[in-house]
Amino acid sequence: MFSQARYEAIKAQLPPQVTLVAVSKTYPAEVLQQAYDAGVRIFGENRVQELLPKYEALPKDIEWHLIGHLQSNKVKYIVPFVHMIHSVDSLRLFNEIQKQASKAGRIIQVLLQMHIASEETKFGFDEAELLSILESGVMQNAPSVKVRGLMGMASFTEDTEKVKTEFAGLKKTFDAIKAKNYFPEKDFDVLSMGMSGDYLLAVEQGSTMVRIGSALFGARN
Ligand SMILES: *Cc1c(COP(=O)(O)O)cnc(C)c1O
């Protein structure tokens, strides 16, 4: 169930420069419609199979963000309408987005996902790998993809010092890439970090976009 009160309370905690992505995965379209009616326009989903029917069912002025791991062969299904892809975690995926976006005549905004957690299961580039790709120039020569910034997920732990250190590390990488001017400075301005359990820490560490699900919609099954 979407809670207007929780939504207002979270918004009140966020500085004005921080964008709230309402992570609606697993909730039915009716619940997203309630959130929409309360003013939410930015929704995040992590699976293409779930995003497509929700896109069909819901108002067309929604900004859809794909936040979960994306297989290259599914890119073509979301490119016609997706607003931002947070989970670009390989050059192969990046190249496929460029190809499909060009075909569709669209420019897709993306974030490069960095691996910052200690868990093995989380996707993303490590810093050295990403820096060498950026040095090569391939990502700068993709006219149908606009790289807006970085995304990361901290370790799932109660250890707030650890989470804080991971977010601070991601912010440092973000600043270093920004300073190198690989991308136009005004475009490289999004740092997507922070979820229900750690968004306040993330904001403290310089997040500009938080992805919040259960704190808005209640616990997922
Ligand atoms: C599910 C998910 C979230 C939101 O998680 P909550 O803890 O429910 O806020 C954020 N980011 C990604 C990538 C997710 O898959």
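**Exercise 1.** In which loop is the place of Thr-26?

Solution. The model is predicted, so that local features need pLDDT of at least 70 and side-chain atom pairs count only at pLDDT 80 or more, while totals for chains, interfaces and linings use all residues. Residues are numbered from 1 along each chain as its sequence is written, and side-chain values use heavy atoms, with hydrogens and water left out. With helices (H or I, at least four residues) and strands (E, at least two) taken as DSSP runs numbered from the N terminus, Thr-26 falls in the loop between strand S1 (19–23) and helix H2 (29–37). Although Thr-26 is not a glycine, its phi is positive, at about 75°.

**Exercise 2.** Identify the residues that surround the ligand, and describe their classes.

Solution. Counting residues with a heavy atom within 4 Å of the ligand, the shell consists of Val-23, Lys-25, Ile-67, Met-153, Met-195, Ser-196, Arg-211, Ile-212, Gly-213, Ser-214 and Arg-220. Sorted by class (Ala, Val, Leu, Ile, Met, Phe, Trp, Tyr, Cys and Pro nonpolar; Asp, Glu, Lys and Arg charged; the others, Gly among them, polar), this shell has five nonpolar, three polar and three charged residues.

**Exercise 3.** Trace the polar contacts (pairs of N or O atoms within 3.5 Å) of the ligand through Ser-196, Gly-213 and Arg-220.

Solution. Begin with Ser-196, where a side-chain N or O atom lies 2.5 Å from an oxygen atom of the ligand. Next, Arg-220 places a polar side-chain atom 2.7 Å from a ligand oxygen, whereas Gly-213 contributes a backbone N or O atom, at 2.8 Å from an oxygen atom of the ligand. Finally, by the Shrake-Rupley method with a 1.4 Å probe, the ligand taken alone exposes 390 Å², of which the protein buries 91%.

**Exercise 4.** Where is Asn-181 found?

Solution. Asn-181 is in the loop between H7 and strand S7 (190–192), and, although not a glycine, Asn-181 has a positive phi of about 55°.

Technical notes:
Polar contact = N/O pair within 3.5 Å; in protein donor to acceptor, adjacent residues only side chain to side chain.
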